[in-house]
Amino acid sequence: MGFFFSLLSSATFGLIPLFSLPLMAQGLSPATVLFYRFFIATIVLGILLLLRGERFHTSGRNLLKLAGMSLMYSLAALLFMQAFKHLPSGVVATLHFSYPVMVMLIMIAFFHERFSSITAIAITLAIAGVYLLSNGEATGATGTAGFAGMSMLGLTLALLSALCNSLYITSIYTAGLTNMTGLMLTFYVMAFGALCSLINSLATNSFQLLTSWRELLLAVLLALVTAVLSNFTLILAVQRIGSTLASVLGVMEPVTAVIVGILVFNEPFSLPLVMGIALIGSSVVLIMLGEHIRQLMAKRRAAKQGGASSDS
């Protein structure tokens, strides 16, 4: 069940383009779409927490930390959706999925994590994957052109989205939040995210009300599937198989987005796209399994040394 929950979590997160792109095609701004996603998710999560009997009270220090973390999360989501205008949604999801590599680099640079040959290989694979994606042909929401020409902006937005998400995840590691479950953390992140998105859309004069039942249905599905279900199943997965394996199985996120893009939005399918996705996915899996690989290699070296000493 842990593997099932993990695959379901990453696959549902990969469905963001399926619900958000039709809303944006109706003229809703990315900030408005995000507001409805976060707002509806906050309501549903709040009801779920009430049913579980959890208390909403937390300290003022925790709230300040959550506000800062949520700002990074909201910015990551906004850049993610803005990139849809310039790149295929599957490519955006793949580039965004490079955030675990960025997390590792941040931990190495600022928190004294060890830089190893495995990390170097993972970074090389990620760069090679980005290079392949940046030299293909792309069809974004605004038209068709090669990445090298029109979509360096889209490439930058997607990578900045990954960077903001990596800063958000790193802040979870370092914030030292006390007396807070994963579901409660998600509730506050969604609530602050809704507030940030509302302020952004109002400040840019881009806020729009939903004007049809179809738009409302898409907004509800976007919130329930890609926010509530994806986060809740991730918590269930981590409880059963641990964070490392759950993170590795997150590779279904870009795969799902690519499949949806090709089947639903007629986005291009090419060898560079497949190879780029494979390289970035491999780099992330390598980062996630790095410690396990190092332990395995250490055991093998110890076994060889033990065999050599017994022979002598």
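## Helix α3 and its neighbours

The axes of α3 and helix α4 (residues 60–83) cross at roughly 130° and come within 9 Å. Since only angles over 145 degrees count as roughly antiparallel and those from 65 to 115 as roughly perpendicular, α3 and α4 are therefore oblique to each other. Their crossing is right-handed. On the α3 side, the contact is made by Pro30, Ala31, Val33, Leu34, Arg37 and Phe38, and α4 brings Tyr73, Ser74, Ala77, Leu78, Met81 and Gln82. Sorted by class, this contact of α3 with α4 has nine nonpolar, two polar and one charged residues.

Before going on, please keep in mind that this is a predicted model. The mean pLDDT of the protein chain is 84, and 90% of its residues reach 70 or more. Residues 138–150 are a stretch to treat with care: here the pLDDT is below 50, although the stretch has 39 contacts in the model beyond near neighbours in sequence. Where pLDDT is low, the predicted coordinates should not be read in detail.

Now for α3 itself. What distance separates the end C-alpha atoms of α3? They are 32 Å apart, which agrees with the 33 Å that its 23 residues should span at 1.5 Å a residue. Just after α3 comes Gly53, with a positive phi of about 75°.

| Helix pair | Angle | Axis distance |
|---|---|---|
| α3 and α4 | roughly 130° | within 9 Å |
| α3 and α11 | about 50° | 8 Å |
| α2 and α3 | roughly 130° | within 10 Å |

Helix α11 covers residues 213–241, and α3 covers residues 30–52. With an angle of about 50° between them, α3 and α11 are therefore oblique to each other, and α3 passes α11 in a right-handed crossing. From α3, the contact draws on Val33, Tyr36, Arg37, Ile40, Ala41, Val44, Leu45, Leu48 and Arg52; the residues from α11 include Ala219, Val220, Leu222 and Phe232. By class, the residues of this contact of α3 with α11 divide into 15 nonpolar, one polar and two charged.

Helix α2 (residues 16–25) is the remaining partner in the table. α2 and α3 are therefore oblique to each other, and α2 passes α3 in a right-handed crossing. In this packing, Ile16, Ser20, Leu23 and Met24 of α2 meet Pro30, Val33 and Arg37 of α3. The classes here are five nonpolar, one polar and one charged.

Technical notes. Residues are numbered from 1 along each chain as its sequence is written. This is a predicted model: local features need pLDDT of at least 70, side-chain atom pairs count only at pLDDT 80 or more; totals for chains, interfaces and linings use all residues. Side-chain values use heavy atoms; hydrogens and water are left out. Axes are lines fitted to C-alpha atoms, for helices over the stretch in contact, and angles run from 0 to 180 degrees between N-to-C directions. Helices (H or I, at least four residues) and strands (E, at least two) are DSSP runs, numbered from the N terminus. Angles under 35 degrees count as roughly parallel, over 145 as roughly antiparallel, 65 to 115 as roughly perpendicular and the rest as oblique. A crossing is left-handed if the near helix is turned anticlockwise from the far one by less than a right angle, and right-handed if clockwise. Contact means heavy atoms within 4.5 Å. Ala, Val, Leu, Ile, Met, Phe, Trp, Tyr, Cys and Pro count as nonpolar, Asp, Glu, Lys and Arg as charged, and the others, Gly among them, as polar. pLDDT is the predictor's confidence in each residue, from 0 to 100. The expected span of a helix is 1.5 Å times one less than its number of residues.
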